[in-house]
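Dear colleague,

Please find below the structure that I am handing over to you. My findings follow it.

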Amino acid sequence: SVALCDAPDGRGGAWSPNGVILLAPQSQGPIERVSANGGDATPVTTVDRAHGERGHRYPQFLPDGEHFLYVAVGAVDKVTTYRTSINGGEPEAVCEAGSKAVWASPGYLLFLDTGVNSPHRRLLAQRVDANLHAIGDRQLIVDPVNATNFGYPNVAVDDQGTLVVEHWSMPHERLEWRSFNGTTLSTAVDDISYEAAVLSPDGTRLAYGGTDPPDVFILDLDTKVSTRLTFENRDVTNLTWSHDQKRLAFSRLSQANGWQMYTKATDGTGPDSLVFRGPAMFNFATDWSRDGHWIVAQCADSSGARDLWKVDMTNGGKPTIYQATPGDEQAGNLSPDGKWLVYTVIDGGERALYVQSFPTPGAKYQVTIKNPAGAFWSKGGDILYVGTMDGGIYSIQVSTVGGFRQGATQRLSRLVPTDSFLGSTPDEKKMLIGVTKDLSSVSRLEIVLNWQRLLQSK
């Protein structure tokens, strides 16, 4: 493999016969071009923010190798596919649908009928002329189709009439109690499926985003009874408990604004309260201070780069930026006294772990560990538990008296790629691990030969 250019949060690419590569290097921002020999990427489209566009994605070259299609995602569920040239020019809208339109020989556009918030999505085909103007009615090809990313059609087609559609579902998990050295102690829950999950601070309940229906649930790990907390039938992720366990913060997929942060009382009373409308499409709570004063969040800016924000819950949920650099700041976690924040930064493909004073960013220290994925503090604030990208779990002795100092590092255990860490008990003797039971049923490819015959039969 050869590195061509940076694509920190890519959303599709295309390679022309003339050696030009198009890509969307970020989840938000323009389509860029780079030579197949590598080099600096330069924009070839301009995001029209005045008309609500947030980013351009999923470029596809048309047969002439000069013109291409891309999709503009914005503040509505429907998205628009445009045609333009690598040499510039005014883009032309060719299709409005639930996803990007894919060009297919000899003259069709394939796209999904509804957007990411729809529980039921279908793949349609539209006959078009040489200028990509519609001919006749839209026709059904495949029902249903899974695709959850903004603008993504989740299909591929070749010139010989072969269509490939991916179908998937969330895997079923077994929840295990393990010691920090990796020994399995017992099974907490034999079977559960979730979008995201997190253990309560006292270690007795699990908050999770359900998959059918998609909403917030709380599972009592003793009685094994789940209680539904929200009733919007929309995907939720990045759940975070308040330390007194009276409220949950979570992000919900919003038709108008992407992923936005809400809070909800864990006894089910009161409304789902919007925390704040973030600056762009991706806004996730990562921690809640023990005194309830602050929610720490990672939020994308208008280019898609992640920054850390702090939300003052004692001042009407007032949000302010905590840390914004050219890199991606993620996974902020507060020390028990609320005076320090540990977080990861991804910059140019390199990952680093930092500890910095909070709520005012000042003294900043890099923690010596390779390829960190995230970290959290021990109850006493004298240990950082760090996960790494290869699944390692480490403990690092630390001191925050008179500044931050790092001590001895010990490798405790390792998770396999299909394991997920969901939290630890207050005594730090057990951690809850989600174990994927069967990946074979999660994803399957549907291959349709001579797919145009499906149109002739309707």
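This is a predicted model: local features need pLDDT of at least 70, side-chain atom pairs count only at pLDDT 80 or more; totals for chains, interfaces and linings use all residues.

Residues are numbered from 1 along each chain as its sequence is written, and side-chain values use heavy atoms, with hydrogens and water left out.

The second largest pocket has a volume of about 880 Å³ (the space filled by probe spheres set on grid points joined across faces, edges and corners). Its lining comprises 33 residues, of which N146, T148, W168, T211 and D235 are the closest to the pocket centre. A pocket here is an open set of points on a 1 Å grid over the protein atoms alone, where a 1.4 Å probe fits, with protein on both sides within 12 Å along at least five of seven lines; lining residues have an atom within 4 Å of a point.

Q260 belongs to strand β23 (residues 258-265), strands being DSSP runs of E of at least two residues, numbered from the N terminus. Q260 is buried, with a relative accessible area of 1% (buried means under 20%, with a 1.4 Å probe and protein chains only). A polar atom of the Q260 side chain lies 3.4 Å from the backbone oxygen of A280.

Strands β33 (residues 372-377) and β34 (residues 383-388) pair in the antiparallel sense over five bridges; pairing requires at least two DSSP bridges. F376 has Y385 of β34 as its bridge partner. The two strands β33 and β34 form a hairpin with five residues between them, and G381 in the turn has a positive phi of about 75°.

Yours sincerely

Definitions and conventions: Helices (H or I, at least four residues) and strands (E, at least two) are DSSP runs, numbered from the N terminus. Buried means under 20% relative accessible area, exposed over 50%, partly exposed in between (1.4 Å probe, protein chains only). A polar contact is a pair of N or O atoms within 3.5 Å; within protein, one must be able to donate a hydrogen and the other to accept it, and residues adjacent in sequence count only if both atoms are side-chain atoms.
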